[in-house]
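This report describes how two chains meet in a model. The structure is shown first, and the notes on the interface follow.

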Amino acid sequence: MTHAAINDGELLRTALVGDVTSPVLGVNPYDVTADGVPFVPVGAGGICYTVAAGSPAAGWAADQVEPGASIANPDAAANEALLLHACVGNGVAVRTGAAAGTRGVVTGKHEAFHAYKHVLVHLERDALEAVVPGDRFVVHAMGRGMNVPELPELTCHSLGPELWAAWSPELVNERLRALVTRVLAPEVVGMGSGRVSGATSVALQSGADAALDGLRIGDLVAVRDWDATYYTGYHEDRVTIGVVATGDSPVLGNGAATTILLSGPATAFDLVADEGANLARLLDL
Amino acid sequence: MSAPRTNADRLVEIGVQAEVAHPTHSGTYAVDSYGRPIILPGMAGVVANARVGDLVFPWAADHLEPGVSAGNAQRDRYQALQFLACIGNVVRVVTGPAAGAEGRVTGKHAFVLVDFPQDALDILAPGDVLLVRAIGQGLRFLDFDDVAARSCSPALLDGMDVEVTDDNRLRVKIAAEVPAFMMGAGLGMSSEWANCDVMFTRREVIERLGFERVRLGDVVAMHDQDHRYGRGYRAGMLAIGVVAHGGHGGIPGHGMGVATILSGPRARFELVHADGANIRNHLSLAA
């Protein structure tokens, strides 16, 4: 039994810029719940002081609440690059503002259809209290192009080498023995099906699988019969692993936004259910 | 048995401007479900040789929109067109050599999809102005509070020959039944917006689930789907839709698009498989 190696000697470390966002709303603020009840969506964009990796995904008066600081690049094309290159576990430096000089960690990425695309950054408490919208962060991006040489059928997405080292999956009988909090049925995937795998997130529809009960932000989860090699979609006998980036949603077809980490044939995985497979513990947040 | 009572006589009909959309392209390849780079036609413009009633799959196309794809260059007008247009609405060509030709809305995707008679399809071109006679949003069943109608014109409901059974359910003729795990892109969006893709992007899945003969315009049932206020998974709910766009070998997570027309508890419906459950018949579309 050995820790599975990655091609770390080949990976570039690059700097990308994102600014702390502020929430956006239309003139009509109402969204509609699954039961047809109007509500004002709260939780995406800006800074959230209330929830963090390790918090429950459900139970907030919110719609896909983003933990910590939510950043984006104000230039749309540069934001696409930021979203594609930033990987979960990557280090972040606060460049401007009252918290300048402090450091954070990328915990996920989140997209709302036709609205915004954000990278989510965990900061220590003092820094979180000090940052404001507009503060500039630098993401030290690393992980795009990552692979597992001994399992070339696996595709890595948004998986930083820092998280890989902390997660430390093992090679056992030519399979990747990996800890996840739960394995989910394919019908849990809602909004985000058909998206490019590397950039943002897919939603886990609450109610579609009892195994979603007790889900926490930061949980590593696997979805069976689901592929994310290039785009996300149903594919029997394949498995996709992601990390829960946001809280749950009251909107039909939505739910906890989950950022893709790894995908490949089911036969390449030996998944072990372990509640410890959460970013709060793995990255000591 | 009788037709369900509705508020159709209280609906207003609005003239909405649209135009035949021009195809656009990002300049890069997409990737199909076999990992191959693809550039395939199908979206926007005029597809003159694939029409409602034709098979969904045997086309070298991605997101194949049969007939005419209607949009509007102004964003707010485009949104109004997307939400107000209902399947079965009458569309008239206003400008160009096909001016005066009359068609019907047959589906929704990124554009509103319109079928015209073949002689009009042969001469229609991007930029031609259209008028959509939008009627149907706001349609309600007076005796079925828990069943929602979305993008369903009164003309389509009449043509579908929906009936109320003796045990007070809506009898709907369908061509196929879709399991929830196949529902993909379109989940999480508004019920009236575009459609929801059934992830038929690989031939082996189409064959395994027996969908080789499904046709553009077929009325299909989607299980464990709640499409009343948005679209998503919900055990025990049902959505009825119209196959709006086709093509296989497409992008993973996408596939055959089904535009929502009805949704409610499964128990409120009696599903009847019928060969002719296609809007080409229901709307008596011209050849």
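## Salt bridges

A salt bridge is counted here when a side-chain nitrogen of Lys or Arg lies within 4 Å of a carboxyl oxygen of Asp or Glu. By that rule, three salt bridges cross the interface of chain A and chain B. The model is a predicted one.

In one salt bridge, the side chain of Glu236(A) meets that of Arg202(B), with an N to O distance of 2.9 Å.

## Polar contacts and make-up of the chain A side

Between chain A and chain B, 10 residue pairs are in polar contact, with both residues at pLDDT 80 or more. On the side of chain A that touches chain B, strand E17 (residues 233–244) of chain A supplies the largest share, four residues. Sorted by class, that side of chain A holds 13 nonpolar, 13 polar and three charged residues.

## Extent of the interface

The contact involves 29 residues of chain A and 29 residues of chain B. The size of an interface is often given as the accessible area lost when the parts come together. For chain A and chain B the buried area is about 2300 Å², and 61% of it is on carbon and sulfur atoms.

Within chain A, the residues that lose the most area to chain B are Tyr231(A), Tyr234(A) and Leu252(A). Together these three account for 30% of what the chain A side buries.

## Confidence

The model has an ipTM of 0.87 and a pTM of 0.92. In chain B the average pLDDT is 96, and 99% of the residues score at least 70.

Key: Residues numbered from 1 in each chain as written. Chains lettered and ligands numbered in written order. Heavy atoms only, no water. Contact = heavy atoms within 4.5 Å. Buried area = accessible area lost by both parts, 1.4 Å probe. Polar contact = N/O pair within 3.5 Å; in protein donor to acceptor, adjacent residues only side chain to side chain. Helix = DSSP H or I, 4+ residues; strand = E, 2+ residues; numbered from the N terminus. Nonpolar A, V, L, I, M, F, W, Y, C, P; charged D, E, K, R; others polar. pLDDT = per-residue confidence, 0-100.
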